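Visitor: I'd like to go through a few labels and see what backs each one up. Can you walk me through them?

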Amino acid sequence: MGRNTVQRTLIYQAVCRMHHPTADEVYAEMKKTYPDIGRATVYRNLKVLSEEGKLRRISLSDGADRFDHCLEYHNHLTCSRCGECKDIWEEVPLPKAEGPVYLGGCRVEGHTFHFHGVCAECLAREAE
Ligand SMILES: [Zn+2]
Ligand SMILES: [Zn+2]
């Protein structure tokens with residue numbers, strides 16, 4: 001295995017240990033063990049891993065992209081209290097339609113949701 005492959009594997013493993021980290025968070029995590037690693041190296045490898053389909057990139061309109069090692073279909077919610085990005089596994093009810101759905105003249109073939117709200121942990125804390 002070449003140096004690049006080793007680095008990519010280590011970066012992938014770091015994302016798996018973390019929970020929807022941003023590229024900066026992965027960089028900070030890698031730096032603890034590999035102080036010499038460069039920010040550009042981490043960013044480049046995250047890009048390659050996403051392009052290869054090994055990581056899912058979660059693009060957010062209101063923050064840095066996050067990376068998810070779980071490739072199974074699910075949605076996310078960003079908590080307005082703790083700022084964490086939570087997995088939503090429940091199916092989101094959609095209006096039923098006969099045949100293909102068109103939005104803005106485009107044929108819809110899938111969807112992902114990114115919700116904003118308050119996570120279960122924060123709700124429990126508030127209820128105490
Ligand atoms: Zn929360
Ligand atoms: Zn996720």
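Predicted model: local features only at pLDDT ≥ 70, side-chain atom pairs only at ≥ 80, totals over all residues.

Visitor: How many aromatic pairs does a search of the whole structure find?

Guide: One. The ring centres of Phe113 and Phe115 lie 5.5 Å apart, with the planes at 25°.

Visitor: Why is the pair of Phe113 and Phe115 called stacked?

Guide: Two checks. Ring centres have to lie within 6.5 Å to pair, and planes under 30 degrees apart count as stacked. With 5.5 Å and 25°, Phe113 and Phe115 pass both, so the pair is stacked.

Visitor: Now His20. Where is it found?

Guide: In the loop between α1 (3–17) and α2 (23–33).

Visitor: How do you know whether His20 is buried or exposed?

Guide: Its relative accessibility is 2%. Buried means under 20%, so His20 counts as buried. As for its backbone, phi is near 50°, a positive value in a residue other than glycine.

Visitor: Which residues make the nonpolar surface patch?

Guide: Val101, Leu103 and Val108 make it, and the patch is about 230 Å². Val108 sits in the loop between β6 (106–107) and β7 (114–117).

Visitor: Why is Val108 called partly exposed?

Guide: The relative accessible area of Val108 is 31%. That lies between the 20% and 50% limits, so partly exposed it is.

Visitor: Zooming out, what is the radius of gyration of the protein, and what would a compact globule have?

Guide: The protein has 18 Å, whereas a compact globule of 128 residues would be near 14 Å. The C-alpha trace spans about 55 × 45 × 20 Å along its principal axes. Buried residues make up 30% of the 128.

Visitor: And how many helices and strands are there?

Guide: Four helices and seven strands. From the N terminus on, the order is α-α-α-β-β-β-β-β-β-β-α.

Conventions
Residues numbered from 1 in each chain as written. Chains lettered and ligands numbered in written order. Heavy atoms only, no water. Patch = residues over 30% accessible without salt bridge, like charges linked within 9 Å, V, L, I, M, F, W, Y side chains within 5 Å. Areas by Shrake-Rupley, 256 points an atom, 1.4 Å probe, with all protein chains shown as cover. Salt bridge = Lys/Arg side-chain N within 4 Å of Asp/Glu carboxyl O. Helix = DSSP H or I, 4+ residues; strand = E, 2+ residues; numbered from the N terminus. Buried < 20%, exposed > 50% of the residue type's maximum accessible area, 1.4 Å probe, protein only. Rg over C-alpha atoms; globule rule 2.2 N^0.38 Å. Phe/Tyr/Trp six-rings, centres within 6.5 Å; stacked < 30°, edge-to-face > 60°.
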